[in-house]
Amino acid sequence: MATEDLPSEFDIVILGTGLIETITAAAFSRIGLKILHLDRNDYYGGAYSNFNLDGIESWKQKNQDLQCVPDEESFAVSDDVKKLLQDQETIIPMSKERSSAFNITSQFHARQRTTIEEAEAKKTKCNLFTFLKTEASNTTASPSATANPVVKISDGQGDGDPQDSDAKQQSTSGSETQEQTVHVKQDSDVNSCTEQLQSSLVLTDAPQTASQDVGEKENTSGGGEREREERDDIHKRKAESSEEENNEQKQAQQSLEREKIIQVKEWTVGDIKDDWRKYCIDISPKFLYCSGDLVELLIQSDVARYCEFRTVSRVLTFLQGKLQQVPCSRADVFSSKIVSLVEKRLMMKFLQFAADYESSPQEYKDYEDQPFKDFLILKKLTPNVQHFVQHAIAMVTDKELTNVALKKTKKYLHSLGRYGNTAFLFPIYGTGELPQAFSRLSAVFGGIYCLTASATHIIADSSNKCCGIVTTNGQRISCRYVVAEESYLPSSYVQKNSARKISRAIFITDSSILSSENSELSLLHYVSQDDRNRPVTVMELPNSACVCPKDVFVVHLTRESGCDDPVEDLKEVRDKLFTTENKDEAEAKSKILWSMYFQQNDASTVTQTVSALPNVLVVPGGGSAGIDLDFTVSEAKKIFLTVCPDEDFLPKPPNPEDIIHVDDTEAAVERGPSEFQDKGDGDGSDKGEGNEEKNECLDNGKDNAEVKGNKTDGNST
Amino acid sequence: MHGRLKVKSTAEQLEAKRKEREKKLQLYNGAKSKIFEKKINGELDEELLLLSGEVLAVNPDFYTLWNYRKETFLELKKIKSKEELQKIFQSELHFLETCLKINPKSYGSWHQRCFVMDNMPEPDWSRELELCNQFLQYDERNFHCWDYRRFIVKRANVSLEAEFEFSMSKISNNFSNYSSWHYRSKLLPILFPDPTQPMGVDEKALLKEYELVQNGFFTDPDDQSNWFYHRWLMGRGKLKPDWQKQALHCFSVSRTDRCVILSLVKHIQVGKSTDIILECNNSILKGVTWQNQEKSTRFSTLWISFHSNNVTLPENGDLFIKVKILQGGEEICFSSMSLKENEVNYSAPSLSTGGVSRFSQELSVVKTETLQHELEAVSQLLEMETDNKWAVLTLVLLMKALDPVLYHAEIMNNLDKLAVLDTKRINYYKDLKSKFIVENMIDALNDSLSTSIDLSQRDLTKFYHYELLPLVISLDLSYNRLNNVQNFNYLQSIIVLNLNSNNLKSLEGLQYLPKLERLLVRNNGLSSPESLRALQTCPNLKFLDLSGNPVCENEVSHESIREQLQDVDIVFKETS
């Protein structure tokens, strides 16, 4: 959309769609303030965003390209901009986008497909495709086919890119792959079509019915459409060919299938790339404490209805040279075989104390300022139980003091049993869903959203207060407050309180680090022997978390950096739990098929400097090493209360039954809630509770995410 | 469903609800009367199903309507084809699911489901089992659902091993699930039977269960389901009294009293279908009548023979006495003894215990090893949880089973501790303590039951095991806390009974003690002449010490008591 269309007056302009910004936006919109929410990227979430496999490659490319932008560079003050100024107004240029991640590397650890395999893969896809095609033609009459044209949020930038990244990938692997490059490219296109068919007819039928209305982007997918039709023809011709040939093919296929059963599946680059759209890879993967502030906020504000969650199903720990499941709940302790009877009692007794430690101060007061580790020894816990409590429940380092650790333990314990057997939730489709959910609430209450748009300048009035911004399109927009993620603001506004960096690794693996009959969503707090005070958080997400296709896992590793090489930082845990070799050689370790490493500056603790205008508020950025997101709630609340000290922070939206209908003039005032109600009804009564068990397939959900994007964007027009 | 709070509604909502309810009530009553009308007219048709369905959808607990539905289905069964029936029954199952959502504990709905499944042409049992699983996920202790599950398992021949596994999975999820433990206790004796004992469980399987339940009470020692199951496990192997050999506690013959006394393990009622046959020197004694200790023929374990004048036991010569108890023509008990020329009385305690405590079988006859192991585990737990009442009680029971004499002092201490820890059940622990004291005393008698017993100053709140003591001659229970003498008339041979300094308010229970001569009830709470009425039926009472009772303070009642007990020497006031 063109930003020229924007109204010129708002209460608050928010820059960046990270989680804190979107929570704040929702809170402001909820009480009726006029919000303009901009993001320089073409996707939501900022540092909290997630990408599919191609998207993350282009994110990597973008960050590498931005590396050459100097830290201090800001927008120039052109004459055009000066023209927008009124008397006695001054102008402050904003920072240009810098790279948010550095030292990024990524690579596949699987072999390329052979020509035979390639042909095989193509064939099965064609079969699937025709099947879906017939399915589709049966239902094209459905009314949903005429719905909004597709506007992709998280995938939008990915459309043009596959060729790009594929080409890069292939060019390194010699002449034999030249042919393959084409295949892979076509495959991914075809796959995206079938993908869309699978997920929703709305998406692929849109170009046909509304192709005139669609802009440049749709032209490329229109190309895909044509290609698809051609492929379809070819297939029809094939189908007409003699039956004998078919039989031969069948036999060949069967024998191949038989081989597959016998051998452990050996993944190829093509296998992974074929499913590129099925990945949702978080830049900042986080869990939510089941009784944490964010979950409470999601419920209280009803934003929970826009998300679905899975419970983290097990907490692992590395003990006595192997991975073990931590008994964290009462039921776990009962059935755990790795703790003795006496340990069961000791552990339960300690946890019962910790769950309500404030009420028995005599037990810990004298040791408050001593390391938790020593406190546990003093409590006569056995080494096993000490390990579980310190590293898997409290998740603290050896240096952490008792009072801090007890607080963390208590938080953990109070989160148990609310939704599942562990203390954590994970948003399906990734953490990147959360900013979108809050944006949606904001949009429902009238917030206006604009992607690929930002502010180049802040305008200050004579009293040195911010009175507006200039957008990247050169439009002047006046406002009372600017709330901006730190990277948008002039560097003089932002006080960096931490020189900390975090090292991240993302793996796609072929099996779980600890195989189990069930699909497990695992958390491992790994104490690295090279530096016990910088533990590694390992999150292993299965297909059921809707972040990857079947039979593979997405694993996130996060650790405070000790050097400038993320690979070096995470080498120990990688070598302990994973392998890049093929199965038969390396026991039963989980094999890495694709990996990416990068580092981020920890911008989660930044504050405002004194030189900042009083009504320009700094929002901390990403890069926190913590496991959860509860700090975002207090940050957002702080900003909200600075602007509106006497208002409720995201109160519960009115119950549809309690809403009394009013006439038109009043309705104009009540626009927010009534509109909300419309949407709310459609969404049903999904609350935070129980959602995690919903078993929607990946494709459906992706569709949801996109529809969601539509609505929020639709609102801005 | 357990421990959930209900939310009160506001006044406005209440008013709206009331109006709605009134409207509903009208419709409801309309439908109801129409149903009854149809039933009277014998119109058991699909319209009845429809109407009753509407009422039941609102109130699934209307049992009469479920019965009408059953009758209707049986009618339809006669006229409809198999396919049609299958459909009708399927929709009934569907309907029942909605009813169960309204009230998951409606007897009517669950029973109806059983009925449907039994009458359906092609019941889908696996679906039902799945349904049970789902219901038990919502409420794992819904006993209706567990009952229904057992019904399915039986009908569909579900493997009990799988059910055993299921109970395990439920327990792993939440071990505070007594329903599931109970299910295990039902399955264990079937899956792992012990051939030597009825309802016994194979030792190996038993050990596994012990281990499992230990996990439970070490994890949460305050959870009672674990302890209940543990106690059930400890009781495995409890011997059922063997009627053939050990039906008699005691069998006694007396030439002087010219009577036979039988003390049985189980209650019987002589007359009707049960009879006691007495043989003397191989000829049946006829004209013998049997009465219990209350001189009636109501159910009792104690029976005394009365001989009409011409049928008596020979006063001289060797006697060979045989007794048989017939129930419904079948001999359920048999015992015999010989009385030598010079012997006047002879009594045989049939339950010769050979040194082992008569009472330890109350817990178990499983290997002592197992019990010893359990004792160690519980002691270990107690070291960490000194104040856990379940652990203390279990310890007491284990010690009692293992060696009541060796552990006597510890058992007593622990029972005192329990009385402090668990004040709500203080009387239970005191009674238990009394019981153990009496049992130890009886064990110490070494089978010579015809003797004097001294149980004074033992803090007894209750007296136990009278059934074992029909031959005791003298009993000292002074300085205890007894508050009644119920069932003391089992003590058929008692001559001297000392009940001084107790809390007796009445002597009800001392009726018909044929040999009682001296009764000491000094310092009790007897307050009226009526409380002594029972003594009128004791023919041999010669001395009664009543001093220190409220009744003695009133001179008028002295007269009335003297009148009641004419040949008795009564002490009203303590003489120094």
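Chain B exposes about 29300 Å², with 50% supplied by carbon and sulfur atoms. This is a predicted model, in which local features need pLDDT of at least 70 and side-chain atom pairs count only at pLDDT 80 or more, while totals for chains, interfaces and linings use all residues. Side-chain values use heavy atoms, with hydrogens and water left out, residues are numbered from 1 along each chain as its sequence is written, and chains are lettered from A and ligands numbered from 1 in the order in which they are written.

Turning to the fold, chain A contains 22 helices and 25 strands, and chain B contains 17 helices and 15 strands (helices, H or I with at least four residues, and strands, E with at least two, are DSSP runs numbered from the N terminus). Of the 717 residues in chain A, 57% are buried; in chain B, 51% of the 576 residues are buried (buried means under 20% relative accessible area, exposed over 50%, partly exposed in between, with a 1.4 Å probe and protein chains only). Among contacts (heavy atoms within 4.5 Å) with a separation of 6 or more, residues 24 or more positions apart provide 77% in chain A and 55% in chain B.

Aromatic side chains come next. Over all chains there are 46 aromatic pairs (rings of Phe, Tyr and Trp, the last by its six-membered ring, pair if their centres lie within 6.5 Å; planes under 30 degrees apart count as stacked, over 60 as edge-to-face and the rest as tilted). A:Trp59 and A:Phe598 form an edge-to-face pair, because their ring planes stand at 70 degrees, with the centres 5.1 Å apart. This pair links distant parts of the chain, 539 residues apart: A:Trp59 lies in helix 2 (residues 53-66) and A:Phe598 in strand 23 (residues 590-601) of chain A. Both A:Trp59 and A:Phe598 are buried.

The pair of A:Tyr367 and A:Phe375 is tilted, since the planes meet at 45 degrees, with centres 5.8 Å apart. A:Tyr367 is partly exposed at 23% relative accessible area, whereas A:Phe375 is buried at 1%.

The charged end of A:Lys34 sits over the ring of A:Phe10, 5.2 Å from its centre, and that of B:Arg184 sits over the ring of B:Phe164, 4.0 Å from its centre (NZ of Lys or CZ of Arg within 6 Å of the ring centre and within 35 degrees of the ring normal).

Methods. Areas by Shrake-Rupley, 256 points an atom, 1.4 Å probe, with all protein chains shown as cover.
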